[in-house]
Amino acid sequence: MKYNNLIVKDLSIHLRLITINRPKQLNALNKEVISELHDALSAAEEDNNIRVVILMGSGEKAFVAGADIKEFMHFTPEQGRALSEEGKRLLFDYVENMHTPVIAAINGYALGGGLELALSAHLRIASENAKMGLPEVSLGVIPGYGGTQRLAQHIGKSRAMEMILTAKMIDASKAFIYGLVSEVVPLEKLLDQAVEMAESIMKNSPVAIGLAIEAINASYNRSGSAKESELFGKAFESEDFKEGTTAFVERRKPVFKGK
Ligand code: CAA
C-alpha cells in the first residue's frame, strides 16, 4: 500500500519497520497520519509473517512532536473530544492491544501525542538525544491520547504528575532511570538496538507472545480514559486554549488569565 506520510519497509520476513515521515512538521500526528498508521499497523497485525514492528520518526530530530497543533487549534469542544476518542480507537488503544509487539525507537523529541504513542507501544528504546514530555498544559489543553492514564501506569503517579503539570521535558537518561525506556543508545545505533530486541522476541512463540500481551494488559484498566477524552474536549472551551495554541504558532510565550 502507498502512504503519504509513512515509509514501510520489511527488514526481514518477520520484521517490519514503519517510519513516520513528516520531518518538516517534526512528524506531528494529524488525522491523515493517524489513519495511515492504523492501516499500516493493522496490515502488520493481520500479516501472519510479521512478528515484530519497529516504529520510528524520520530525520534525526524527532520521533513525533505531538498531535498537530495547527490542525486542532480552531476545533470546537465536541471536535476536540472526538479527536481524542477517534485517535484512541484508531491508534493508541489499537497499538496497545495488538498481538504483534511494537517497539518504539525514540529517535528525538517524543512530545505530547508522540510520547503517548510511545507509551502505547509494548517496548521503548531511546537515542541519547531523545527528549520526552507531555507539554499539553503549556498549550491550555491536557494529554488526550491516553497520556494521563498510561504515563502514571508506566512511571508512577508522582512522576507523572510532575511531568504533566510542569510540562517539562526529560532527557533519555532520566527516562531510563524512570523506567520509561529500557535502553538508551547513540542515535546511529538505535535501529540496530531495536532490531536486536526484535530478534530476541522473534525466537519465541508468536501465539504465546500475543497471549502474554493480552494477559499483561488485562491488569491495567483504563477507567480514566473516557474522562480524559471528556476533559480534553472541555479544555477547548477555554480562553487559555486559544491563547496557548496561538502563542505556539506565533512563537511567543503564552499569557494565561487564571482559573
Ligand atoms: N504540531 C504542529 N506543528 C508542529 C508541532 C506540532 N505538535 N511541533 C512542531 N511543529 C512544526 C513547527 O510549527 C515548525 O513548523 P514551521 O517551520 O512551519 O513553523 C516545525 O514543526 C519545526 O518546529 P520548530 O521550528 O518549533 O522546531 P524547534 O527545534 O524550534 O522546536 C520543539 C522543537 C521543541 C519540538 C517545538 O517544535 C515544539 O515545542 N513543538 C510542540 C510540542 C508540543 O507541544 N506537543 C504537544 C502537542 S498537543 C498534543 O499532543 C495533544 C494530545 O495529547 C492529543
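This is a predicted model: local features need pLDDT of at least 70, side-chain atom pairs count only at pLDDT 80 or more; totals for chains, interfaces and linings use all residues.
Trainee: Which backbone atoms lie at polar-contact distance from the ligand?

Mentor: Look for pairs of N or O atoms within 3.5 Å. A polar backbone atom of Gly 113 is 2.8 Å from an oxygen atom of the ligand. For Ala 67, a backbone N or O atom lies 2.9 Å from a ligand oxygen. With Gly 144, the distance between a polar backbone atom and an oxygen atom of the ligand is 3.1 Å.

Trainee: In which pocket does the ligand sit?

Mentor: The ligand sits in the largest pocket.

Trainee: Next, backbone angles. Which residues have a positive phi without being glycine?

Mentor: Leu 26, which is not a glycine, has a positive phi of about 55 degrees. Leu 26 is located in the loop between strand E2 (15-20) and helix H1 (31-46). Ala 167 is another case, with a positive phi near 65 degrees. Its place is the loop between helix H6 (157-166) and strand E9 (170-171).

Trainee: Are Leu 26 and Ala 167 buried or exposed, or something in between?

Mentor: Apply the cut-offs: buried is under 20% relative accessible area, exposed is over 50%, and partly exposed is in between. Leu 26 is at 25% relative accessibility, so Leu 26 counts as partly exposed. Ala 167 is at 18%, so Ala 167 counts as buried.

Trainee: What does the side chain of Arg 22 contact?

Mentor: Arg 22 is in the loop between E2 and H1. Arg 22 counts as buried because its relative accessibility is 13%. A polar atom of the Arg 22 side chain lies 2.8 Å from the backbone oxygen of Ala 28.

Trainee: And Gln 149: where is it, and which side chain does it meet?

Mentor: Gln 149 lies in helix H5 (residues 147-155). At 18% relative accessibility, Gln 149 is classed as buried. Its side chain is joined to that of Thr 148 by a polar contact of 2.9 Å. The two residues are adjacent in sequence, a case that counts only if both atoms are side-chain atoms.

Trainee: How do I relate separation along the chain to distance in space?

Mentor: Put the two values side by side, taking C-alpha to C-alpha for the distance. Pro 143 and Gly 112 are 31 residues apart along the chain, and their C-alpha atoms are separated by 6.4 Å. Pro 143 is in the loop between strand E8 (131-133) and H5, and it counts as buried at 1% relative accessibility.

Trainee: What about pairs with a longer stretch of chain between them?

Mentor: Take Ser 12 and Val 195, which are 183 residues apart in sequence and 10.0 Å apart in space. Ser 12 is in strand E1 (residues 6-12) and is partly exposed, with a relative accessible area of 33%. For Gly 147 and Gly 66, the values are 81 residues along the chain and 11 Å between C-alpha atoms. Gly 147 belongs to helix H5 and is buried, at 0%.

Trainee: How far is Pro 77 from Ser 173?

Mentor: Their C-alpha atoms are separated by 37 Å, with the residues 96 apart along the chain. Pro 77 is found in helix H3 (residues 77-97). At 21% relative accessibility, Pro 77 counts as partly exposed.

Conventions:
Residues are numbered from 1 along each chain as its sequence is written. Side-chain values use heavy atoms; hydrogens and water are left out. A polar contact is a pair of N or O atoms within 3.5 Å; within protein, one must be able to donate a hydrogen and the other to accept it, and residues adjacent in sequence count only if both atoms are side-chain atoms. On a 1 Å grid over the protein atoms alone, a cavity is a set of points where a 1.4 Å probe fits but cannot get out, and a pocket is an open set with protein on both sides within 12 Å along at least five of seven lines; lining residues have an atom within 4 Å of a point. A molecule sits in a cavity or pocket if more than half of its atoms lie within 2 Å of its grid points. Helices (H or I, at least four residues) and strands (E, at least two) are DSSP runs, numbered from the N terminus. Buried means under 20% relative accessible area, exposed over 50%, partly exposed in between (1.4 Å probe, protein chains only).
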